[in-house]
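Open the structure in your viewer and keep the sequence panel beside it. The stops below say what to select next and what is there.

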Amino acid sequence: MREIKTELITETVERLCIDACTMLGEDMKTALRKAESEETAPAARAALNDIVRNFECAACEGLPICQDTGMAVVFADIGQDAHISGSFEDAVNEGVRRGYINGCLRKSVVADPFRRVNTGDNTPAVIHTRLVEGDRLALTVAPKGFGSENKSALKMLLPSAPISEFEDFIVDTVARAGGDPCPPIVLGVAIGGTVEACALAAKRQLARPISEINPDPFYADMEERLLERINALGIGPQGFGGKTTCLKVNVAALPCHIAGTPCVVNVGCHATRHASATI
């Protein structure tokens, strides 16, 4: 049994909060630079140029990529042979508190959905845990801004529904969103499971590298079809038109009940961010 001290968890989460908010992943940077180089519409190319300059300046200066530094979503894979000395949840929230205060990141969390009093330190985090083999703790912090989160959608489809109905729902979700989620976007899509399992799986797909091809050829083909249809909408970077509305569609499929099939679309903006570490 390997012991993991809560202070180490707190220190790691603090660092990941700051890293995620100030340094865009290499896969996203590569995709955005490629989109800029291939764009022919002047306004869209100018928007992509600004996006690229922005993430370069953010990394250089240690400043947030976006003013909306999001709600801290934390994915934790906890090894079953690890022992955490103290409260894991408290350790994570203390890391988020330190990260958002010490990193001068915007605090966007309110304690209650109606009375809406800001908690002042961006806690509590949204924490998702899985028990896995081994004695390590793998942490991913994925700050989620709400310009994109607000455009996410759920639909319950019948098991008799053709694939086209699922794909139409996904594409229509993007069409309705327009330029509001700050495209070029990334889509995390999940199909199957239950309502909560589907929503969580869609969120996890936003942390999947956009350079990664789906290992199932059936869903790899679906991702490509969806990407082509979405980019044909012509919404473009920041809604200015052009070739690139979406950088990647990541699809997860889950076992589900014989009587229904949930489908969740979780929308990520051009600053779809996450940072990971294993301790």
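**First stop: a loop residue**

Select R116, which lies in the loop between α4 and β4. Helices (DSSP runs of H or I, at least four residues) and strands (DSSP runs of E, at least two) are numbered from the N terminus. R116 is not a glycine, yet its phi is positive, about 55°. With a relative accessibility of 53%, R116 counts as exposed; exposed means over 50% relative accessible area, buried under 20%, and partly exposed in between, with a 1.4 Å probe and protein chains only.

Before moving on, note that this is a predicted model, in which local features need pLDDT of at least 70, side-chain atom pairs count only at pLDDT 80 or more, and totals for chains, interfaces and linings use all residues. Residues are numbered from 1 along each chain as its sequence is written, and side-chain values use heavy atoms, with hydrogens and water left out.

The peptide bond between T123 and P124 is cis, with omega near 0°. P124 is in the loop between α4 (88-102) and β4 (126-132).

**The whole chain**

Zoom out. The chain has 8 helices and 10 strands. Its C-alpha trace spans about 50 × 50 × 40 Å along the principal axes. The radius of gyration is 19 Å, which agrees with the value near 19 Å for a compact globule of 279 residues; the radius is taken over C-alpha atoms, and the globule rule is 2.2 Å times the number of residues to the power 0.38. Of the 279 residues, 49% are buried. Among contacts (heavy atoms within 4.5 Å) with a separation of 6 or more, 81% are between residues 24 or more positions apart.

**Helices α1 and α4**

Two packed helices are described by the angle between their axes and the distance between the axes. Select α1 (residues 6-22) together with α4: their axes come within 7 Å and cross at roughly 40°. Axes are lines fitted to C-alpha atoms, for helices over the stretch in contact, and angles run from 0 to 180 degrees between N-to-C directions. α1 and α4 are therefore oblique to each other; angles under 35 degrees count as roughly parallel, over 145 as roughly antiparallel, 65 to 115 as roughly perpendicular and the rest as oblique. The crossing of α1 and α4 is right-handed, a label used if the near helix is turned clockwise from the far one by less than a right angle.

To show the contact, colour T6, E7, I9, T10, V13, E14, C17, I18 and C21 of α1, then F88, A91, V92, E94, G95, V96, R98, G99, Y100 and N102 of α4. By class, the contact of α1 with α4 has 10 nonpolar, 5 polar and 4 charged residues. Here Ala, Val, Leu, Ile, Met, Phe, Trp, Tyr, Cys and Pro count as nonpolar, Asp, Glu, Lys and Arg as charged, and the others, Gly among them, as polar.

**Helices α6 and α8**

Next, select α6 (residues 163-177) and α8 (residues 217-231). Their axes come within 10 Å and cross at roughly 40°. The crossing of α6 and α8 is right-handed. I163, E167, D168, I170, V171 and V174 in α6 meet F218, M222, R225, L226, R229 and I230 in α8. The residues of this contact divide into 8 nonpolar, no polar and 4 charged.

**Two buried residues**

Is A202 buried or exposed? A202, in helix α7 (residues 195-205), is buried, with a relative accessible area of 0%. Beyond four places in sequence, A202 touches G188, V189, A190, V264 and N266.

Then go to V251, in strand β8 (residues 246-253). V251 is buried at 3% relative accessibility.

**Last stops: more loops**

Select P183 and P184, which are joined by a cis peptide bond with omega about 10°. P184 is in the loop between α6 and β7 (185-191). P184 is also one of the contacts of T244, along with A35, E39, N231, G236 and P237, leaving aside neighbours within four places in sequence. T244 sits in the loop between α8 and β8 and counts as buried at 12% relative accessibility.

Finish at Q238, found in the loop between α8 and β8. Phi of Q238 is near 60°, a positive value in a residue other than glycine. Q238 is partly exposed, with a relative accessible area of 29%.
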